[in-house]
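Subject: Structure for you to look at

Hello,

Here is the structure I said I would send. Please open it alongside this note.

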Amino acid sequence: MPADNSCVSISGPWQHRFVQANGAQFHIAHAGTYSDTHPLVLLVHGFPQYWWAWREQITPLAAAGFEVVAIDKRGFGGSDKTPNSADALLLTDDLIALVHSLGYDRAFLVGLGRGGALAWSAVSKAPDLFAGLVTVSSPHPRTLHRLGMHLTLRTWRHAISSFLTPLAEKKLQDSRHIAQLLQEWSAPGNNGAAGQADLYTQALRLPGVARAALAQLRWTLLSQHSARGRQYLRESANPVKVPILAVRGALDPLLPPRAWNKDAEFAHGSYELLTIAQAGHFVPEEQPAAFTDALRFFLQTHC
């Protein structure tokens, strides 16, 4: 039976397109129109999501005058699932190449979770391409790739389970498991992300997606033990001078406040750490109004 890919092309006040960049084809949800005064806003999802994670932000940002593109990362949703989809250097270059392929020489980069780490890295590698950086539930990647007490025991428990490839891949395609994972990573009683478990599971059941998602997690955990991983961390460590808004949920069970303590080593320009109440790891879905207001204000301030 063919995989059900209707989750990729959900209709709404956006258009679905495919863009060629960095040797792969990417699915995007696109809204808004070009403006000389408003750079592109590129939205990058985290695990275990796809572009749908930004459904609450796309329309308000477009209404504020921005051209908005929410992508499916390589390996996810409607984007290509290439054999090397785990390599974070490649995934970082994807973001840079996507901005160019869309015809821009200036963009805001907004990333959640693993997408936020890649966004940090892209701005580090191509500082002149970006007008600003917004990270959600994502301290600097050199923090995330380092062992230590900046992460919670729950984070390590989920990370270690990703090594159990056959079992983990099967679990990622089980809607009950995804609902539980989303609920555990959210603020207590908040269903903003968990209520989308069926769609996220459907997306993870697309051919190759669960395997790619797990491979990316394992790559992250083992990055310091490979030459390619060490190169990624070096290239992510350049000073970032563009304005940065770092957002965390006050009730994030994976990342305590101390996880952001090292950001100042890399953020050499304007930097703000914003904590949003009653939100866990998936802030844009758990508190969409508060997050969208903060994001819109940041973008409008730094146009």
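Below is what was found in it, starting with the whole chain and ending with single residues.

This is a predicted model, in which local features need pLDDT of at least 70 and side-chain atom pairs count only at pLDDT 80 or more, while totals for chains, interfaces and linings use all residues. Residues are numbered from 1 along each chain as its sequence is written, and side-chain values use heavy atoms, with hydrogens and water left out.

Overall

The chain has twelve helices and eight strands; these are DSSP runs numbered from the N terminus, with helices being H or I of at least four residues and strands E of at least two. The radius of gyration is 17 Å, close to the 19 Å from the globule rule for 303 residues, so the chain is as compact as a globular protein of that length. That radius is taken over C-alpha atoms, and the rule is 2.2 Å times the number of residues to the power 0.38. Along the principal axes, the C-alpha atoms fill a box of roughly 50 × 45 × 40 Å.

Of the 303 residues, 59% count as buried. Buried means under 20% relative accessible area, exposed means over 50%, and partly exposed is in between (1.4 Å probe, protein chains only). Contact means heavy atoms within 4.5 Å. Among contacts between residues at least 6 apart in sequence, 77% join residues at least 24 apart.

Cores

In soluble globular proteins, nonpolar side chains tend to be buried together. A nonpolar core here is a set of buried Ala, Val, Leu, Ile, Met, Phe, Trp, Tyr and Cys residues joined through side-chain atoms within 4.5 Å. The largest one has 59 residues, and W51, W54 and I58 have the most contacts inside it. Beyond its neighbours within four places in sequence, I58 is in contact with W14, A29, A31, L43, W51, V68 and A70. A second, separate core of 42 residues includes F26, L95, Y104 and L109.

Helix α2 and its partners

Helix α2 (residues 88–101) packs with helix α3 (residues 114–125) at an angle of about 70°, their axes 9 Å apart. Axes are lines fitted to C-alpha atoms, for helices over the stretch in contact, and angles run from 0 to 180 degrees between N-to-C directions. Angles under 35 degrees count as roughly parallel, over 145 as roughly antiparallel, 65 to 115 as roughly perpendicular and the rest as oblique. The helices α2 and α3 are therefore roughly perpendicular to each other. On the α2 side the contact is made by A88, L89, L91, T92, D93, L95 and I96, and on the α3 side by R114, L118, A119, S121, A122 and K125. By class, this contact has eight nonpolar, two polar and three charged residues. Ala, Val, Leu, Ile, Met, Phe, Trp, Tyr, Cys and Pro count as nonpolar, Asp, Glu, Lys and Arg as charged, and the others, Gly among them, as polar.

Helix α10 (residues 227–235) also meets α2: their axes come within 9 Å and cross at roughly 40°, so α2 and α10 are oblique to each other. A88, L89, L90 and T92 of α2 meet R228, Q231, Y232 and E235 of α10. The contact of α2 with α10 has four nonpolar, two polar and two charged residues.

T92, in helix α2, is buried, with a relative accessible area of 0%. Leaving out neighbours within four places in sequence, T92 is in contact with L118, S121, A122, K125 and Y232.

Loop residues

G280 lies in the loop between β8 (271–276) and α11 (283–286) and is buried, at 0% relative accessible area. Leaving out neighbours within four places in sequence, G280 is in contact with S137, W185, S186, A187, G249, L251, D252 and E286.

S137 has a positive phi of about 50° although it is not a glycine. The loop between β6 (130–136) and α4 (141–144) holds S137, which is buried at 2% relative accessible area.

N22 is a non-glycine residue with a positive phi, near 55°. N22 sits in the loop between β1 (15–21) and β2 (24–31) and is partly exposed, at 35% relative accessibility.

The peptide bond from F47 to P48 is cis, with omega near 5°. P48 is in the loop between β3 (40–44) and α1 (55–63).

Regards
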